[in-house]
Amino acid sequence: MKLPHAQAAVIEAASADEAQSVDALAAATELPPETVTGALFELADEGLVAVEERVDETVSITDEGREYVDACLPEVRLYEAALEAGADSGPVSMGQVIGASGLEGQAVDIALSNYARKGYGSIDSGEITADPDADPGADSEANALEVVADATETDDGADEAAGAPVDVLEVDAETIANLERRDLLERSETTVRSATLSELGVTELMAGIETAETVGQVTPELLTSGDWEDAAFAEYNVEADAEPARSGKTHILRQTADRVKDVLVGMGFQEMEGPHVDADFWINDCLFMPQDHPARTHWDRFALEQPTHIDDLPADLVDRVERAHREGVGEDGEGYHSPWDEDFARALALRGHTTSLSARYLSGEEIGDLEPPQRFFSVEKVYRNDTLDPTHLLEFFQIEGWVMAEDLSVRDLMGTFEEFYAQFGITDIEFKPHYNPYTEPSFELFGTHPTTGELVEIGNSGIFREEMLEPLGVDCDVMAWGLALERLLMLMYGFEDIRDIHGTLCDLELLRETEVTY
């Protein structure tokens, strides 16, 4: 039997009694492993060998993970600093504890995002507490890092490049998954192939194998000489495994934002645009939000250090908004009877909601006066100094929208939501009465999480109050809402933690595999 050189070498090195790996056959034949693999597939197609496959899974520790093995996880360092500051007895300034911990830059964000998750204590309104019963020595992630580090360290102290087999590590799968999400461990899967001679292979081997001269590449000389007419060309297995090609793609959050825009445009809305940094006047004052409201303190907003204030505001609008705050609107209006300072209104900050865009458009300052009916929306980022948890981040996307028309009611608002969410396959929206300074009536929206079955808050809404609309020059009804894009993804795909889809702890494999459904 005549076989190409690589196949002849492999079949002669193979055994009928013991399976031999590709690496072993490559060593015996002095051929590259990929050449041996191709030869095995071709021999298997001829029935001369039997090829078996298994997948070996290993984990290795990253440089960042190795750093934490030597110096403790950031959340553990934060906990230890909190204990020293007396946070086990009562709340302590978060800035004081972070300074004492020695954490800097991204390590601070990592510590804050994992501190409460692991039960070390709580973080709220710029203060931190420490649970005296928490035990850093029992931290499953810290212990797992040490186990993997020990398992992948060679006798000379270097790291084992191949990693440690997952099935021999005494670490649970959830902990490994968490460390992998944090980029502290890297998981690798290797397909190991081995081959044994079949009965037909043994028979042909005993009968004698000859090496056939085959051509693996067409060259100019082969063509010009005419030798190609009599040459035996090597066959190529187009089904052989190849390295996966990772190409860039649009982030699922951006894909969903584009889908939301398409739906709202289809419902007759126009898109709004505006600054991420804006004056408190547009962010809060125009919304009839009192200046002494807790949400307007430095704990809940991100103020700009330079520049600190906006220069230009429409003077007549400023006067009308100030009057509404001080005196109210209409015969029964009373206002807030609280201080109102124009300098505070001019202060610049990252917008905490995109309702600042609504105020700009409704006032006529952005694109001119608007006559009803009108429908506008935006899908843009907002920034809040929230406590990090599975449903809250410091920045997220808000789906802002409003409708200006005569004689609007709560029924119109609810119907709009039902029509919008139905486009994404969500039909179980629930409503709960709520309070907002700038809407009355107001209500929150909830949807059922497809995995946990729990109700998840997905937005806030209402009819804008007269105290907001009258200073803006609007004399008809306006219903409005602010919905969370990330929460919509949770309902669509079952994500339980929005940190899986963006931020420093996002799950890249999840992002690669998840596609937006239409």
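Visitor: Among contacts between residues at least 6 apart in sequence, what share join residues at least 24 apart?
Guide: Keep in mind that this is a predicted model. Contacts here are heavy atoms within 4.5 Å. Taking the pairs at least 6 apart in sequence, the share that join residues at least 24 apart is 71%.

Visitor: Which residue caps the N-terminal end of H8?
Guide: H8 covers residues 140–151. Look for a side-chain oxygen 3.0 Å from the backbone nitrogen of Glu141. That oxygen belongs to Asp139.

Visitor: How wide an arc around the axis do the buried residues of H8 cover?
Guide: The buried ones are Glu141, Ala142, Ala144, Leu145, Val148 and Ala149. They sit on the same side of H8, because the arc they cover is only 160°.

Visitor: Is Ser194 buried or exposed?
Guide: You'll find Ser194 in strand S8, one of the elements that the buried residues of H8 pack against. Beyond its neighbours within four places in sequence, Ser194 touches residues including Ala19, Ser21 and Val51. The cut-off for burial is under 20% relative accessible area. Ser194 has 14% relative accessibility, so it counts as buried.

Note on methods. Residues numbered from 1 in each chain as written. Predicted model: local features only at pLDDT ≥ 70, side-chain atom pairs only at ≥ 80, totals over all residues. Heavy atoms only, no water. Helix = DSSP H or I, 4+ residues; strand = E, 2+ residues; numbered from the N terminus. Expected span 1.5 Å × (residues − 1). Buried < 20%, exposed > 50% of the residue type's maximum accessible area, 1.4 Å probe, protein only. Arc of directions from axis to C-beta. Polar contact = N/O pair within 3.5 Å; in protein donor to acceptor, adjacent residues only side chain to side chain.
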